Amino acid sequence: MQNKKLNIVLAGQANVGKSVTFNYLTGLHQHIGNWAGKTIAKAEGTLFYKGYVIDILDLPGIYSLATYSIEEIIAREHITKEKPDFIINIVDATRLEKNLLFTLQLLEMNRPLVVSLNMSNLLEKRGMEINLAKLEKILGVPVVLTVATQGKGLTTVLDRGIDLVRKTENIKPIKYGEEVEERIEKLIVDLKKADFPYEPRWLAIKLLEKDQEIIKDIGKKHPELTAKAAGLCRELEEIHGHDASVIIAGERCLLATQIIDQVLKTNKEKKVSLNEKIDRIACHKIWGYPTMAGMLGLVFYIIFLFGNWFSSLLAQITSGWRPAWENLFGLSVLSSLGWSAIESALALFDLALPFIIPFYLLLFLLESSGYLARVTFLMDNLMHRMGVHGKACIPLIMGFGCNVPACLSCRIMETERERFITGFLTTLIPCSAKTIVVFGLVGKFVGLSWVFGLYAFMALLIISLGRLASKKVKGEAVELIMEMPEYRIPSLKTILLQTWFGVKDFIFVAAPLVIGLGIIIKAVSLAGWLPLIVGFLSPITVSWLGLPAITGILLIFGVLRKELILVMLAGLLGTTNFAQILTPAQMIVLALVSLIYFPCVATLAVFWREFGWKRTIIVVITELFLAVLLGGLAYRILNFFI
Amino acid sequence: MIKQLFLAKVKEGEEVEIVSIKAGAKTAKRLADLGLTSGTKIKVLRKAISGPIEIKVRGSRLALGRGLANKIVIKRDLICKIKN
């Protein structure tokens with residue numbers, strides 16, 4: 001049989017097992033990129049099945065096909081423009097009613113569709129029974145019971161989908177309420193004449209829903225059509241007394257309720273579910289917080305313990321490389337520049353392997369188990385004080401490990417505005433490298449209470465900057481709307497894949513800048529310009545911040561990697577007893593400046609990619625200014641006390 | 001005039017029905033897309049201290065920010081009230 005190509009997409013709401021299904025179908029034959037011009041991950045993969053080469057695209061997990069978030073726009077544009085051969089709609093069988101709202105929207109697009117009722121193994125446990133035949137009849141599309149974590153039913157889904165493609169018979173659309181349908185019909189007649197490349201019924205519904213994108217699109221060529229639609233909207237609004245956009249969504253809700261009444265039988269749960277038992281502690285008004293602190297504390301403890309051990313192991317392994325390099329290439333300008341490139345690359349791995357990989361692993365574990373949603377729930381109140389909502393706590397927590405994945409994870413925020421504010425705040429979170437500097441200087445020589453003081457100060461600074469940014473950055477503040485997923489045992493395969501793609505992304509984005517800057521700094525120091533720069537910076541470092549002149553060099557190297565501030569200090573002094581040249585006040589000031597003054601170059605690289613150069617420059621200038629201002633003030637105040 | 005009752009004021013464990021959503025068309029549409037329209041029955045599961053409110057709606061659990069919960073007008077089910 002000849003190999004036939006098929007293009008299919010996976011669509012579904014968040015937390016329905018979409019990525020588990022995707023990973024089961026494609027395995028390592030997948031490619032995670034970005035949507036053109038967007039910072040939204042695009043997961044594609046290939047599957048060879050019964051003589052078909054099937055390209056699978058995993059659409060972002062969304063709740064509707066409206067234009068509320070970038071993900072939703074991407075998803076619907078892909079379906080309408082690329083016209084996939086069929087859509088697999090993944091549905092959480094235990095939350096059928098909620099998921100049906102999305103399925104109904106997909107059906108409006110009139111593409112061949114197979115519904116995969118995932119997690120069907122949980123139905124019996126929850127006392128639920130779904131009448132499959134009836135559901136198929138009402139929806140007019142195949143419905144298959146599946147268990148994605150075990151791969152159960154997935155081949156049936158593919159078989160039914162391929163059948164649909166072969167038959168190519170038209171799907172009969174599901175009807176909404178009479179007064180709505182009447183107006184849809186009126187629009188369809190005209191839309192068919194106007195010959196748009198999209199499904200007329202979908203366009204008609206979107207027009208009645210007052211979808212701004214579609215109105216703009218159609219209004220360009222056929223203003224009479226949008227005018228007609230606006231008139232029909234007004235008629236509907238008069239009948240219902242609501243905005244037309246809400247009326248259409250309400251129709252879907254009504255239909256979903258009616259379908260559920262016919263196909264779902266629920267026997268009341270008598271026992272309190274395990275899920276509820278866990279949540280009684282995990283989301284408790286009081287106990288929820290210590291539980292969360294304990295959980296996250298444990299995560300960081302494991303990462304630091306493992307990271308430090310692994311990092312010193314790596315240092316041992318690579319300690320002989322420099323002499324070996326110098327033996328091989330001699331001691332020339334070129335060879336030292338070459339070595340600095342290798343050194344920077346090694347530094348990158350030294351960050352990625354011991355810290356970022358375990359961090360991603362544990363974080364994805366917490367996420368797919370469902371616990372991160374609880375953290376979001378508990379932290380929403382605090383995050384609101386910073387002008388963002390609860391979901392922002394996930395990037396901020398990640399920031400304690402490393403600012404780079406933290407910046408990348410800002411994508412979970414719904415709007416550009418929340419994304420940028422959160423991204424800005426994450427660059428100020430004391431990451432593991434900054435922590436090394438603070439503990440190595442202040443913790444060791446001044447006292448742990450001062451470390452605590454510094455962290456408390458940073459917390460205050462981040463909260464006030466968050467408030468300020470949320471006032472300054474244009475756009476409407478978004479409230480938290482989040483599905484609370486049931487707890488579940490995470491799929492190891494999915495976690496490993498997510499980690500792998502996350503780390504790969506980090507290395508590819510950060511490597512060019514880290515290596516490039518490493519070479520430049522080396523070249524500057526070889527050219528003998530470092531004293532010049534030290535002299536140039538001394539009005540700030542010496543006169544204003546009250547630090548020794550060499551700190552100018554430290555802060556420049558610190559841009560490369562924050563912990564270099566400490567490492568270089570030891571190198572320049574020839575001792576690790578920093579108390580010899582720095583007073584306690586100077587140590588605190590240096591630590592404070594290190595915490596604020598500049599995102600490290602790897603963070604800079606991802607920030608640039610996520611938010612563009614304009615915003616990157618604004619953030620860098622703000623942070624430099626703040627560091628100098630606060631450092632100088634701190635020096636003057638501290639001299640009173642110490 | 002009867003005083004309007006908002007979702008944010010409902011106690012944990014209560015079952016109520018949405019009357020209307022006092023918010024802009026955009027927010028109302030968003031909530032409707034998530035299945036929250038007038039007439040929808042919801043159960044308040046949990047409230048964080050001055051934080052979000054967790055509800056059960058259409059067989060699924062949803063966390064809503066407090067500000068949002070302050071825009072949803074509800075009524076208590078009469079039958080439930082008598083029973084209690």
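Good morning. I begin where the two chains pair: the bridge partner of A:E483 is B:L62, in strand 5 of chain B. Please keep in mind throughout that this is a predicted model.

Let us now consider the whole contact between the chains. Chain A contributes 30 residues to this contact and chain B contributes 27. On the chain B side, at least two residues each come from helix 1 (25-33), strand 5 (60-64) and helix 2 (66-69). Which element gives the largest share of that side? Helix 1 of chain B does, with 6 residues.

I turn next to chain A itself. Its domains are domain 1 (4-167), domain 2 (178-266) and domain 3 (288-481 + 493-641). Between the C-alpha centres of domain 1 and domain 2 of chain A there are 24 Å. In the contact of these two domains, 20 residues of domain 1 meet 19 residues of domain 2. Helix 3 of chain A gives the most to the domain 1 side, namely 7 residues.

Finally, a hairpin in chain A. Strand 3 (residues 41-49) and strand 4 (residues 52-58) run antiparallel and are joined by 7 bridges. A:Y49 has A:Y52 as its bridge partner. There are 2 residues between the strands, and A:K50 takes a positive phi near 45° in this hairpin. Thank you for your attention.

Key: Residues are numbered from 1 along each chain as its sequence is written. Chains are lettered from A and ligands numbered from 1 in the order in which they are written. This is a predicted model: local features need pLDDT of at least 70, side-chain atom pairs count only at pLDDT 80 or more; totals for chains, interfaces and linings use all residues. Two strands pair if DSSP finds at least two bridges between them. Helices (H or I, at least four residues) and strands (E, at least two) are DSSP runs, numbered from the N terminus. Two residues are in contact if their C-beta atoms, placed from the backbone, lie within 7 Å. Domain bounds come from an automatic or database domain assignment.
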